Amino acid sequence: GADLYLEFGFRRVLVQRYNRGDAELTLEAYDMGDADGALGIYLMKCGVETPVAGLPARNTGEPAQLTIVKGRWFLHVNSFGPGADLLPEMVGLAGRALAAIPDERPGAHFDRLPAEGRVPGSVRLIRGPFALQSIVTLGEGDILLLGGRLTAVAADYPAEGGPPWTLIVAPYPDEASSAAVLAHLRAHLDSYLEVVREDGSGFVFKDFKGRFGEARRTGPVLEIRLNLARPPDR
């Protein structure tokens with residue numbers, strides 16, 4: 001899984017082990033370079049969030065592991081041992097580590113997504129092909145040309161009588177950049193996706209399951225809709 005960490009800006013990891021008899025705790029602290037990178041890897045790793053009380057940062061956990069994000073740092077606290085319930089000690093250890101971490105804030109990426117109807121727990125940040133491939137395969141390599149520097153955001157939305165559909169929003173520095181990305185996506189679109197309609201601002205495609213998608217540019221922003229039951233009306 002190192003490629004995903006590198007894509008989100010990984011710089012270094014600090015690991016410390018603590019023992020008491022047969023029980024062991026480990027603290028892993030990943031410096032992800034900035035708050036966006038730390039939040040991105042957290043959202044990929046946290047699963048269904050079940051926050052643990054007593055931690056002053058966004059987290060999810062259970063007796064074997066705490067997963068935490070604060071500022072540019074992504075943390076794991078792991079518990080090992082024969083049936084040892086060390087959750088209070090894990091919370092205390094994490095709290096001491098968190099106290100030393102500055103509270104840097106990620107960008108307002110989620111503001112680009114409609115809040116109404118957003119499926120809880122579905123939001124993801126994307127900085128390159130590995131995060132994108134967890135959602136969809138649009139083509140080989142860094143098909144959206146994010147380069148590990150630009151940050152796209154994705155979330156699911158409910159669809160009447162069927163599975164949710166997905167919205168990806170990718171902002172670029174200017175209109176020329178978004179136009180170049182749209183052209184690159186069209187030229188290198190995965191072969192299992194069939195383009196069924198296109199115009200100057202985007203195109204509609206169909207996948208092997210008969211579901212539809214759309215890639216469309218508005219100014220410097222590229223929006224991609226996936227898993228639609230029918231082609232968008234344009």
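Strands here are DSSP runs of E with at least two residues, and helices are runs of H or I with at least four, both numbered from the N terminus. The model is predicted, so local features need pLDDT of at least 70 and side-chain atom pairs count only at pLDDT 80 or more, while totals for chains, interfaces and linings use all residues. Residues are numbered from 1 along each chain as its sequence is written, and side-chain values use heavy atoms, with hydrogens and water left out.

Take threonine 60, which sits in strand β3 (residues 58–62). Threonine 60 counts as buried because its relative accessibility is 6% (buried is under 20% relative accessible area, exposed over 50%, partly exposed in between, with a 1.4 Å probe and protein chains only). A polar atom of the threonine 60 side chain lies 2.7 Å from the backbone nitrogen of threonine 50. Leaving aside residues up to four places away in sequence, threonine 60 touches several others, including Tyr42, Cys46, Val48, Pro51 and Leu66 (contact means heavy atoms within 4.5 Å).

Then there is the sheet. It is open, with 7 strands in the order β6-β7-β8-β12-β11-β10-β9 and antiparallel pairing (two strands pair if DSSP finds at least two bridges between them). Its edges are β6 (124–126) and β9 (194–199), each pairing on one side only. From one strand to the next, the twist averages 20 degrees (axes are lines fitted to C-alpha atoms, for helices over the stretch in contact, and angles between N-to-C directions run from 0 to 180 degrees).

Strands β11 (residues 212–218) and β12 (residues 221–228) run antiparallel and are joined by 6 bridges. Arginine 217 has leucine 222 of β12 as its bridge partner. Helix α5 (residues 175–187) packs on the sheet, touching β9, β10 (202–206), β11 and β12, and its direction makes about 155 degrees with that of β11.

Note on methods: A polar contact is a pair of N or O atoms within 3.5 Å; within protein, one must be able to donate a hydrogen and the other to accept it, and residues adjacent in sequence count only if both atoms are side-chain atoms.
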